[in-house]
Each structure stands twice: as C-alpha cells, then as structure tokens.
Amino acid sequence: MSGLNNDNEGNGDNEEFVVTPWEVRGKIDYDMLVERFGTQRVDDSLLGMIESRVGELHLQLRRGIVYSHRDFDLILKRFDEGEKFALYTGRGPSGGVHLGHMLPWFFTKWLQDNFDADLYFQMTDDEKFLFNPDLTLEDTQKFSLDNALDVMAVGLNPKKTFIMIDTRCSRTLYNLGIKFSKHVTFSTAKAVFGFKNSDNIGMIFFPTIQAMPCFLPSLVEGKNVPVLIPASIDQDPYWRVTRDVAPKIGFYKPSQLHGKLLPGLSASGKMSASQPETAIFTKDSPEEARKKIWRAFTGGRVTIEEQRKYGANPDICAVFAYYYFLFEEDDEALKERERRCKTGDLLCGDCKNDLIERIVKFLREHQKKREKMKDILDQVLIDDSFFDSRIKSAAERGFPDG
Ligand code: TYM
C-alpha cells in the first residue's frame, strides 16, 4: 500500500504549511509536525502493545492515520495496573458536521468499546461564538444540539458518554479554569496560539476552557484519573499548554493520540467547513454528495488512453483518500484498488461511482441513526448539576490538593 501521505502535492511542494486549531494550510509534512510539536510516533512497538490488549488494530492505527501520541504508553501501563482511563474529545459547533470531524469520533468509539472507558465530549459553543464574528451564541448553542446527534450516531455508549455544552457547564469550567489560567502567561498564549492585539480577550481566555475536561474526570472520581484525548493533530497546541500546567494544579498530564487530517475533495487542503463544495456533510443529500465526488480532484491522466497506458497516481488522489481513510475497511481490497489504479486497469469514473455508492449508503444510514439519537440526547447532555454533587464529595475528601 502506498501509505497515502495526504500531502496534496498539487499545491506546490515548497509552500510553508500551517497547522493550528484554527487554520490548516499548505502541504502538511506530518513527520515534521512530530518534531515541531515534540510528540512521539505511534511505532510498531506501541501498535503491538495495543494489539496484544485488544486483539486487533483499528483501521486508523493499521494505516498510520493515527500516527502520533503523547504518553499513550503510560496510559496502557496504568491501565494494566488497574487505573482505568477516561476519554475526552470534542467539537467546535460552527455549523454542520463533515466526514473529517467524524474521523476521530469513529476511533473514539473503538477505544470506548475496547477499554470500557467513560467519554467526556466537549461542545465549545463559547469558542465558536468568540472566534467567529458571524455567529451568535444562539447559533452555536443550536449547532451544539444538532452536532451532538452526529456524535452519538457513531454508536457511542450513552451510559458512558457525557456531552458538555460549555455554556451549560460554565460554573464548573470557570471555577476550575481560574486555577489553571493563573499559570498561563499572555506571552505563552501568544507563542502557542498566535494571538494578535486585535483578538478579543474572550479568545485569549478560551484555551483554559478547552483544557478543563482533561481534569473533570478526576474531579468527578475524587482521585487522579488518566485522560486520553483522541483527536486530529490540529488540536495539539491546547494539550501542550495543558500538560505544562496539569501537575502545578494537582492533576495528571493528559495523554493524546493524534490523527492525520482527512483531505478535502479538491487538489489541496484538509476537509473544511469553510469550503463546503469540497466537504461531505452528514446532512448532504445523495445528489449533493454525488456532485461533490464527481467534481473531486483525482490522480488521473488527461485522457482515458493515457490512463490505460500509464496508470494514475493514487497518492495525490482525493477519491483514493476516501477509500483509504474511511470507505474501504478491507486492506487487501484497498491494495487491489491501488494496484488497478496504478496500472491503468481502473478508471477514475468507475472509482468515483463506486465511492458515490458507498458514501450515499453511509449517509442514508447515518441520517437515520442521527434522527433516532434525538430520543437519547437528554440522557447524554450534562450540565453544572452533574458536576456539583460529585465535585463536592471529592473536595470533602481533599482532592485535588493543588
Ligand atoms: P473542530 O470542530 O474543528 O473539529 C472536531 C474534531 O475534528 C477534527 N478535525 C478533523 N479530523 C480529520 N480531518 C479533518 N479534515 C478534520 N477537521 C477537523 C479535529 O481535530 C477535532 O478532533 N476546539 C475544538 C473542539 C474541542 C475539541 C476538544 C476537539 C474541544 N475540546 C478536545 C478535540 C479534542 C474544535 O473546534 O474542533
């Protein structure tokens, strides 16, 4: 298999790439990100450790999509010693959910199932209000409820999943948040997040809020609970700051498993809601999805004759990326598709049609599931009252002492 690099080489090889929580631009060099962010690679030995405990590897691990981590080995060590970990991930509700957002949630479900872990899921309605001049708080609150349907439709265990919309948990977040934020200087925030003088001060405080669910499972349990964050690599700057501060306020450092970004359907860039024509949204109709895939950038040749003769290039093909990341579970079938593409046996039109069929089937099923999730939403949405009683009893036992 080619080890699809998600590089989108059509975009000029020498362009400087940018990966921040708010902007992903250029040709991403994932190896360089490991150096830049100071993370660890998910190597064969770590994969072996996971496989020996679970008995299999998730597609995203097998294919190097989840490729980097911080202290996941420590999570496994503590797990073996009887310390269960909690999962934490989230969504910035700025509109509809696309397939890229769902990538880490599929993987999160696998982790939840296999390690029997509680999941805290943060909906940052505050973040999206603060960072997006066009959105009102009412908008982002509405999107939070809507997006929560997509999250649950992935098949998460409702008994073990707690969705927190920030503005519904503001007392909890703020009371712990002030202890955290006292340890983060403005110069650190500027260096890590690139804040500018023109940014509003809500934005500058916000990273505190995204850090909080790393500690809430510990407050709820009344003892330090290891927390694992499965998310794509763009969110990593938050965890760097969080890990620095954690021990200063009496908590474990959170661990991470980082995923690569699902590319958009054009020649360059990640799938992004800001380019809706190159992203598949969970609420797209079959016709919309079909049109977008039909217009997708491929690694094909200009003419059919050339393609038959020289073959195409799956490494730069947005369509192949969708099979690689999501829509071909079977490794052997993926290899065969790649072989047929490279030898000119498979033409782009056929490959696109096949993908359309798979994506339309997925969307139909997902849309049905997300409707059903309306019945369980109340069960999984939590607010300050969820934390109040639990945190109080932890405090009475003297936790945390930081
Ligand atoms: P948001 O809404 O931008 O993204 C939600 C999740 O989707 C991932 N992601 C992608 N993954 C693969 N391919 C893509 N094209 C793609 N685009 C986005 C993100 O990494 C994220 O995991 N501030 C956060 C919300 C948040 C959060 C968290 C995310 C709060 N707490 C903890 C992860 C973990 C945000 O706006 O995510």
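Predicted model: local features only at pLDDT ≥ 70, side-chain atom pairs only at ≥ 80, totals over all residues.
**F281**

Leaving aside neighbours within four places in sequence, I found F281 in contact with G96, V97, H98, A273, P276, K292 and L363. I then checked where F281 sits: in the loop between strand 9 (255–259) and helix 13 (286–294). Is F281 buried or exposed? I noted a relative accessibility of 14%, so F281 counts as buried, the cut-off being under 20%. I also looked up a pair that is 200 residues apart along the chain: the C-alpha atoms of F281 and E81 are separated by 41 Å.

**I280 and the largest core**

Next I moved to I280. Not counting residues up to four places away in sequence, I280 touches V97, H98, L99, L265, M271, A289, K292, I293, I359 and L363. I280 also turned up in the largest nonpolar core, which has 72 residues. Which members of that core touch the most other members? I wrote down I50, L61, L99, I163, I280 and I359. Helix 15 (residues 318–327) gives the most to this core, with nine residues. The core also draws at least three residues from each of domain 1 (16–264) and domain 2 (276–373). Apart from it I found another core, of 38 residues, with F131, C169, W239 and I382 among them.

**Helix 15**

How many of its residues are buried? I got ten of ten, so I put helix 15 down as mostly covered. The buried residues are A318, V319, F320, A321, Y322, Y323, Y324, F325, L326 and F327. What do they pack against? I listed helix 3 (59–62), helix 5 (99–115), helix 16 (331–343) and helix 17 (348–372).

I looked up how the protein chain is divided, and got domain 1 (16–264) and domain 2 (276–373). Taken over C-alpha atoms, the centres of the two domains are 29 Å apart. The contact between them takes 21 residues from domain 1 and 25 residues from domain 2.

**Around the ligand**

Then I went to the ligand. Which of the 26 residues around the ligand come nearest? My list reads R91, E127, S232, D234 and L262. I also looked at distances to nitrogen atoms of the ligand. For Q210, a polar side-chain atom lies 2.8 Å from a ligand nitrogen atom. For G100, a backbone N or O atom lies 3.0 Å from a nitrogen atom of the ligand. For Q235, an N or O atom in the side chain is 3.3 Å from a ligand nitrogen atom.

**S232**

I found S232 in strand 8 (residues 227–232). With a relative accessibility of 10%, S232 counts as buried. Beyond neighbours within four places in sequence, S232 is in contact with P104, G259, K260 and L261.

**T172**

I picked T172 next and located it in helix 8 (residues 170–181). Why does T172 count as buried? Because its relative accessibility is 8%, and the cut-off is under 20%. Setting aside neighbours within four places in sequence, I found T172 in contact with L216, D384, F387 and I391. I checked T172 against I376 as well: they are 204 residues apart along the chain, and their C-alpha atoms are separated by 24 Å.

**Two positive phi angles**

I reminded myself that most residues other than glycine have a negative phi. Then I came across D71, which has a positive phi of about 55° although it is not a glycine. D71 lies in the loop between strand 4 (66–70) and helix 4 (72–80). D116 also has a positive phi, near 50°, and is a residue other than glycine. I placed D116 in the loop between helix 5 and strand 6 (119–123). D116 counts as partly exposed, because its relative accessibility is 39%.

**Confidence**

The mean pLDDT of the protein chain is 93, and 96% of its residues reach 70 or more. Where is the pLDDT below 50? I found that over residues 1–14. Beyond near neighbours in sequence, this stretch has 37 contacts in the model.

Methods
Residues numbered from 1 in each chain as written. Heavy atoms only, no water. Core = buried A, V, L, I, M, F, W, Y, C linked by side-chain atoms within 4.5 Å. Buried < 20%, exposed > 50% of the residue type's maximum accessible area, 1.4 Å probe, protein only. Helix = DSSP H or I, 4+ residues; strand = E, 2+ residues; numbered from the N terminus. Domains from an automatic or database assignment. Contact = heavy atoms within 4.5 Å. pLDDT = per-residue confidence, 0-100. Near = heavy atom within 4 Å. Polar contact = N/O pair within 3.5 Å; in protein donor to acceptor, adjacent residues only side chain to side chain.
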